[in-house]
Amino acid sequence: MFLAELQLKEKEAFLELAALIAKSDGRLSIYEDVIFEKYQKEMGLENYTIKGLEISEIVKLFTNERSKTIALTEILRLIFSDGVFHNQERESINLVMTHFGFDPHEYGSLKDWVLKIKDLSVYQES
């Protein structure tokens with residue numbers, strides 16, 4: 001929703017992060033794949049090739065609070081797209097939150113908001 005606001009290096013970092021987290025449970029679900037493609041299109045990076053950066057390298061590329069919030073929100077949207085929150089995804093989110101400096105309350109608020117948006121979009125597609 002807000003990915004277009006990111007700087008180019010942040011957009012590329014976001015795709016790296018999204019690919020890493022989406023595959024953290026060992027597979028990329030069809031739901032995650034569809035959302036990943038939407039992310040690429042939204043940011044104009046349809047031809048971007050994932051480089052396989054480490055999470056510690058990726059999170060350093062987000063330079064301000066707004067871009068960190070956008071990235072975390074969209075990553076949560078990706079994770080919840082298949083309706084399953086795997087332990088590996090939870091660990092990855094915790095690592096991102098720590099690197100970004102988010103506290104559990106902020107995370108809880110973002111998670112609740114993402115789930116409400118997901119419910120609304122499912123309802124509208126019916």
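1. R77 and E74 both belong to helix α4, where they stand three residues apart, about one turn of the helix. Helices here are DSSP runs of H or I with at least four residues, strands are runs of E with at least two, and both are numbered from the N terminus. The two side chains form a salt bridge, with the closest N and O atoms 3.0 Å apart; the term denotes a side-chain nitrogen of Lys or Arg within 4 Å of a carboxyl oxygen of Asp or Glu. R77 counts as partly exposed because its relative accessibility is 26%, whereas E74 is buried because its relative accessible area is 1%. The classes are buried for under 20% relative accessible area, exposed for over 50%, and partly exposed in between (1.4 Å probe, protein chains only).

2. The model is a predicted one, in which local features need pLDDT of at least 70 and side-chain atom pairs count only at pLDDT 80 or more, while totals for chains, interfaces and linings use all residues. Residues are numbered from 1 along each chain as its sequence is written, and side-chain values use heavy atoms, with hydrogens and water left out.

3. On confidence, the chain has a mean pLDDT of 83, and 87% of its residues reach 70 or more; pLDDT is the predictor's confidence in each residue, on a scale from 0 to 100. The highest mean is found in α1, at 93, and the lowest in helix α6 (residues 104-125), at 67. Over residues 122-126 the pLDDT falls below 50, and this stretch has zero contacts in the model beyond near neighbours in sequence. Where pLDDT is low, the predicted coordinates should not be read in detail.

4. The chain contains six helices and zero strands. Of its 126 residues, 41% count as buried. Among contacts with a separation of 6 or more, 84% join residues 24 or more positions apart, a contact being defined by heavy atoms within 4.5 Å. The accessible surface of the chain is about 7,200 Å², and carbon and sulfur atoms contribute 53% of it. These areas come from the Shrake-Rupley method with a 1.4 Å probe; for residues, only the protein chains shown count as cover.

5. The count of salt bridges in the model is three. One of them joins the side chains of R66 and E5, at 2.7 Å from N to O. This pair links distant parts of the chain, since R66 lies in helix α4 (residues 65-80) and E5 in the segment before α1, 61 residues apart. R66 is partly exposed because its relative accessibility is 49%, and E5 is also partly exposed because its relative accessible area is 42%. Side chains of opposite charge can pair when their charged atoms come close.

6. The segment before α1 (8-22) also holds F2. F2 counts as partly exposed, because its relative accessibility is 32%. Setting aside residues up to four places away in sequence, F2 touches E42, R66, I70, E74 and W113. F2 and R66 are 64 residues apart in sequence, yet their C-alpha atoms are 9.9 Å apart in space.

7. A further salt bridge pairs the side chains of K68 and E65, at 3.8 Å from N to O. Both residues lie in helix α4, three residues apart, about one turn of the helix. K68 is classed as buried because its relative accessible area is 15%. Apart from neighbours within four places in sequence, K68 is in contact with F62, F100 and F102.

8. Two packed helices are described by the angle between their axes and the distance between the axes. The axes of α1 and helix α2 (residues 30-42) come within 11 Å and cross at roughly 175°. Axes are lines fitted to C-alpha atoms, for helices over the stretch in contact, and angles run from 0 to 180 degrees between N-to-C directions. The two helices α1 and α2 are therefore roughly antiparallel to each other; angles over 145 degrees count as roughly antiparallel, under 35 as roughly parallel, 65 to 115 as roughly perpendicular and the rest as oblique. F14, L15, A18, A19 and A22 of α1 meet E32, F36, Y39 and Q40 of α2.

9. I58 is located in helix α3 (residues 55-59). I58 counts as buried because its relative accessibility is 0%. Apart from neighbours within four places in sequence, I58 is in contact with A13, E16, L17, L20 and L53. The C-alpha atoms of I58 and F14 are separated by 7.7 Å, although the two residues are 44 residues apart along the chain.
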